[in-house]
Amino acid sequence: MIRLHPLFAAALVLGAAAPGGDLSQGAAILRHGTASEALPCMACHGERLQGNASIGAPALAGRPESQTLAALAAIAAGKKGHNFIMRNIAHSLTQAERKAVAAYLATLGKEK
């Protein structure tokens, strides 16, 4: 019988749950926003998240998860972008919400 060290076993369990965010939560935030008053992403970035050049909202669909997470962190910290509304949205999202949004965005545009 193989016995695993308890810390190793816990790392295996946590590691299995760590990658990506909750895709259904990400989709909901993109469409409806959050209870903490973050506006839905689609309001500015478009229904298909293709962006809206007239207001400076970039395309989000299909971006790598790491790129979206880094951008949200930089925007929330005031290190990127100059849009007060977007800064408030990024700041209001929890880490789990950011991860869910980033994971969902990364899946868009990949289906054929």
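Visitor: Which residues does T68 touch, not counting those up to four places away in sequence?
Guide: In this predicted model, T68 touches R63, A102 and L105.

Visitor: Where is T68 found?
Guide: T68 is part of helix α4.

Visitor: Is T68 buried or exposed?
Guide: T68 is buried, because its relative accessibility is 7% and the cut-off for buried is under 20%.

Visitor: Turning to helix packing, at what angle do the axes of α4 and α5 cross?
Guide: The axes of α4, residues 65-76, and α5, residues 84-92, cross at roughly 110 degrees and come within 8 Å. The two helices are therefore roughly perpendicular.

Visitor: What is the handedness of the crossing?
Guide: The crossing of α4 past α5 is left-handed.

Visitor: Which residues make the contact?
Guide: On α4 they are L72, I75 and A76, and on α5 they are M86, R87, A90 and H91.

Visitor: How do those divide into nonpolar, polar and charged?
Guide: Five residues of this contact are nonpolar, one is polar and one is charged.

Visitor: Another topic: where is N83?
Guide: N83 lies in the loop between α4 and α5. N83 is partly exposed, as its relative accessible area is 40%.

Visitor: What lies 2.9 Å from a polar atom of the N83 side chain?
Guide: The backbone nitrogen of I85 lies at that distance, 2.9 Å, from a polar side-chain atom of N83.

Visitor: And how far apart are the C-alpha atoms of N83 and A57?
Guide: They are separated by 9.6 Å, with N83 and A57 being 26 residues apart along the chain.

Definitions and conventions
Residues numbered from 1 in each chain as written. Predicted model: local features only at pLDDT ≥ 70, side-chain atom pairs only at ≥ 80, totals over all residues. Heavy atoms only, no water. Axes fitted to C-alpha atoms, helices over the stretch in contact; angles between N-to-C directions. Helix = DSSP H or I, 4+ residues; strand = E, 2+ residues; numbered from the N terminus. Parallel < 35°, antiparallel > 145°, perpendicular 65-115°, else oblique. Left-handed = near helix turned anticlockwise from the far one by under 90°. Contact = heavy atoms within 4.5 Å. Nonpolar A, V, L, I, M, F, W, Y, C, P; charged D, E, K, R; others polar. Buried < 20%, exposed > 50% of the residue type's maximum accessible area, 1.4 Å probe, protein only. Polar contact = N/O pair within 3.5 Å; in protein donor to acceptor, adjacent residues only side chain to side chain.
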